[in-house]
Amino acid sequence: MLLDTPVRLGVQLRPEHVRYADLRGAVRRLEDAGVDILFNWDHFFPLYGDPDGTHFEAWTMLGAWAEQTSRVEFGTLVNCNGYRNADLQADMARTLDHISGGRFIFGTGAGWFERDYDEYGYEFGTPGTRLDALAEGLRRIEARWAKLNPPPTRRIPVMIGGKGEQKTLRLVARHADIWHSFVPADGLAHKLDVIERWAQKEGRDVADLVVSNELHRRDERDADALHAAGVRLFTLAMAGPDYDYDVVTRWLAWRDAKNR
């Protein structure tokens, strides 16, 4: 099932504890450096440090990134399905796809940060109800993409984050072009086998599924093991405003060595 494509590096810029000017400068510098994908996250409050510190909303930021950049792909890592109507998500994604000339990646998940839900008036529910809502949301999003005028410029890649075997990985098998997780290298074979079994039930060939994983707090030995296990998209979370560009340079060199 493993798809052997060139290694790509994505950087997630945390939209917390920074000015927007800091984010804009980081986007420019990272695209110029050769990063393949830029991500933010979809929350309303900081996840680290002062819980009431500065923070910016994800999707409006992506519109600015679509105009600011010319080469790099971009998206959320990951969108919270419960914060916006599914058909609206589809239309927003299609619009970003057109603004950027086909560089938007639709990363999505069921959501988990209770404060976001409580303070913005969404029903938090349970992990099960949120995953059921994601399943229905993905169905509606794909249906809306087929109806929109104009349609997306390309099949918008769907990235689904998570590792739950009963619901999340079934959604991966049904919908995803990219599966993202934090699963260590020695656990990936089992999870990929689960995805393959669900794909057989869904009647889908997942031979082209891209496996994605996180580099934060990992070293080259860990990355080599993840690569051997089938990972081809590596993501790196970065906190500002004092971004560590040296670590990005190091991982870009590792990527290029793998791709020679």
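Student: How do the residues of the lining of the largest pocket divide into nonpolar, polar and charged?

Tutor: The model is a predicted one. In it, the largest pocket has a volume of about 920 Å³, and 31 residues line this pocket. By type, the lining residues divide into 14 nonpolar, 11 polar and six charged.

Student: Which element gives the largest share of the lining of the largest pocket?

Tutor: Leu77, Val78, Trp112, His180 and Phe182 are the lining residues that lie nearest the centre of the largest pocket. Two or more lining residues come from each of strand E4 (79-80), helix H5 (127-147) and strand E7 (178-181). The largest share is four residues, and the element that supplies them is H5.

Student: How far apart are the end C-alpha atoms of helix H1, and what should its residues span?

Tutor: Helix H1 covers residues 20-33, which makes 14 residues. The expected span of a helix is 1.5 Å times one less than its number of residues. For H1 this gives 20 Å, which agrees with the distance between its end C-alpha atoms, 20 Å.

Student: Which residue follows H1, and what is its phi?

Tutor: The helix H1 takes in residues 20-33. Directly after H1 comes glycine 34, with a positive phi near 110°.

Student: How many residues of strand E5 are buried?

Tutor: Strand E5 runs over residues 104-109 and is mostly covered. On one side Phe104, Phe106 and Thr108 are buried, and on the other Ile105, Gly107 and Gly109 are buried. The count of buried residues in E5 is therefore six of six, where buried means under 20% relative accessible area.

Student: Which residue in E5 is the bridge partner of asparagine 79?

Tutor: E5 pairs in the parallel sense with strand E3 (residues 73-76) over two bridges, and there glycine 75 stands opposite isoleucine 105. E4 and E5 also run parallel and are joined by two bridges. Asparagine 79 has as its partner in E5 threonine 108.

Student: Does lysine 191 count as buried or exposed?

Tutor: Lysine 191 lies in helix H7 (residues 185-202). Leaving aside residues up to four places away in sequence, lysine 191 touches Lys163, Glu165, Leu169, Trp179 and Val183. Its relative accessibility is 14%, and the cut-off is under 20%, so lysine 191 counts as buried.

Methods:
Residues are numbered from 1 along each chain as its sequence is written. This is a predicted model: local features need pLDDT of at least 70, side-chain atom pairs count only at pLDDT 80 or more; totals for chains, interfaces and linings use all residues. Side-chain values use heavy atoms; hydrogens and water are left out. On a 1 Å grid over the protein atoms alone, a cavity is a set of points where a 1.4 Å probe fits but cannot get out, and a pocket is an open set with protein on both sides within 12 Å along at least five of seven lines; lining residues have an atom within 4 Å of a point. Grid points are joined across faces, edges and corners, and a volume is the space filled by probe spheres set on the points. Ala, Val, Leu, Ile, Met, Phe, Trp, Tyr, Cys and Pro count as nonpolar, Asp, Glu, Lys and Arg as charged, and the others, Gly among them, as polar. Buried means under 20% relative accessible area, exposed over 50%, partly exposed in between (1.4 Å probe, protein chains only). Two strands pair if DSSP finds at least two bridges between them. Contact means heavy atoms within 4.5 Å.
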